[in-house]
Amino acid sequence: MSPKTGLRVVVTGATGNVGTSVVRALVNQPRIDSVLGLARRIPDLTLPKTEWAAVDLARQENTQQLRRHFAGADAVVHLAWRFQPTHDPVTTWHTNVLGSLRVFEAVASAGVPTLVHASSVGAYAPGPKESPGVDEAWPTHGWPDAAYCREKAYLERILDTYEREHQDIRVVRMRPGFMFKEGSASEQRRIFAGRFLPGSLMRPDLLPCVPDLEGLRFQALHTDDAAEAYCSAVLGDVRGAFNLASEPVVDARALGELLGVRVVRLPRRAVRIMLAAAWGLHVVPASPHLFDAVLRLPLLDSSRAREELEWKPTRTSLEAIEEFLHGVRKGAGEATPPLAGHKVG
């Protein structure tokens, strides 16, 4: 049987860090005829075979609009996610959880045969910090005190039921580590460090040290590499969850070598107290609850993605972080509202 051609794919959250990379990966595939990118705000970005439409997933009245957009689609890639405001978890819940439920329901109503959902390492319960890491069977209970993890874990439970009730829909869950690229630098700086930290300060000669904290071991990958895995999931016939991560594992020593600064052992509790105070004063948007979660997240075993998706990252975790830091220093971004950059003087 010859492969199916002329696929139509709809991508939610198409203008963010992952979305822009996924859309580019999809339009480069000959088997894909068209991509519809959905976002709250239409970007000033022109890509081949791509159209844009504005949809706010937090608004219940947009459910019918989603069904119309999904009609006739061969796959929906659901990436839309709201990280802020971290002080108002009800707002993020409306977009991330209730909005995702609307997407899932619209996929079923429109008869879309494939749903690829952006889960995360953040969905996993605390686990080992040593290689080879956990596989996709590790419990996805999240860290309940962190809204991001709580919401990702809740959607995992929703999809457990969804798959049983809609066995005709091929559901794929992507669980990547931390994703970085140059074009996302300004957005991620705003999300985690806030608008008051100039990117120009992220230079080795201005950084006093890298804190060595208990549990500071994580995995990263380049966003474009993650996008290739999403693309393979759309085009293939796989089901279930896939961990995505590059090597090597990142710790304080690796970051110190990358930045050319010394590593200083610090007590985790003291750092958390300072972060909690800054977050409470609205100086930084990253919450101490997410800090707690990051230090407990397990390492990931990506063997299944490498074998079944034939996925192999083209850049190391440190290369992805280095590119991101370069983008932070120069205020890099893209021509979408979430990724908008800024000039560095």
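**Entry 1: whole chain.** I am working with a predicted model. I counted secondary structure and found 11 helices and 13 strands in the protein chain. I then checked the overall dimensions. The C-alpha atoms fill a box of roughly 60 × 45 × 40 Å along the principal axes. For 345 residues, a compact globule would have a radius of gyration near 20 Å, and the chain's 20 Å agrees with that.

**Entry 2: burial and contacts.** I looked up burial next: 51% of the 345 residues count as buried. The chain exposes about 15,500 Å², with carbon and sulfur atoms supplying 55% of that area. I also took the contacts between residues at least 6 apart in sequence; 77% of these join residues at least 24 apart.

**Entry 3: helix α5.** How many residues of α5 are buried? I found 7 of 8 in this helix, which spans residues 185–192. The buried ones are A185, S186, E187, Q188, R189, R190 and I191. What do they pack against? I listed α1 (17–27), β7 (178–180) and α11 (317–330).

**Entry 4: α5 against α11.** I took the geometry of this pair. The helices pack at an angle of about 85 degrees, with axes 8 Å apart. An angle of 65 to 115 degrees counts as roughly perpendicular, so α5 and α11 are roughly perpendicular to each other. A185, Q188 and R189 make the contact from α5, and F324, G327 and V328 make it from α11. I sorted the contact residues by class: 3 are nonpolar, 2 polar and 1 charged.

Note on methods:
Residues are numbered from 1 along each chain as its sequence is written. This is a predicted model: local features need pLDDT of at least 70, side-chain atom pairs count only at pLDDT 80 or more; totals for chains, interfaces and linings use all residues. Side-chain values use heavy atoms; hydrogens and water are left out. Buried means under 20% relative accessible area, exposed over 50%, partly exposed in between (1.4 Å probe, protein chains only). Helices (H or I, at least four residues) and strands (E, at least two) are DSSP runs, numbered from the N terminus. Contact means heavy atoms within 4.5 Å. Axes are lines fitted to C-alpha atoms, for helices over the stretch in contact, and angles run from 0 to 180 degrees between N-to-C directions. Angles under 35 degrees count as roughly parallel, over 145 as roughly antiparallel, 65 to 115 as roughly perpendicular and the rest as oblique. Ala, Val, Leu, Ile, Met, Phe, Trp, Tyr, Cys and Pro count as nonpolar, Asp, Glu, Lys and Arg as charged, and the others, Gly among them, as polar. The radius of gyration is taken over C-alpha atoms; the globule rule is 2.2 Å times the number of residues to the power 0.38. Accessible areas come from the Shrake-Rupley method with a 1.4 Å probe; for residues, only the protein chains shown count as cover.
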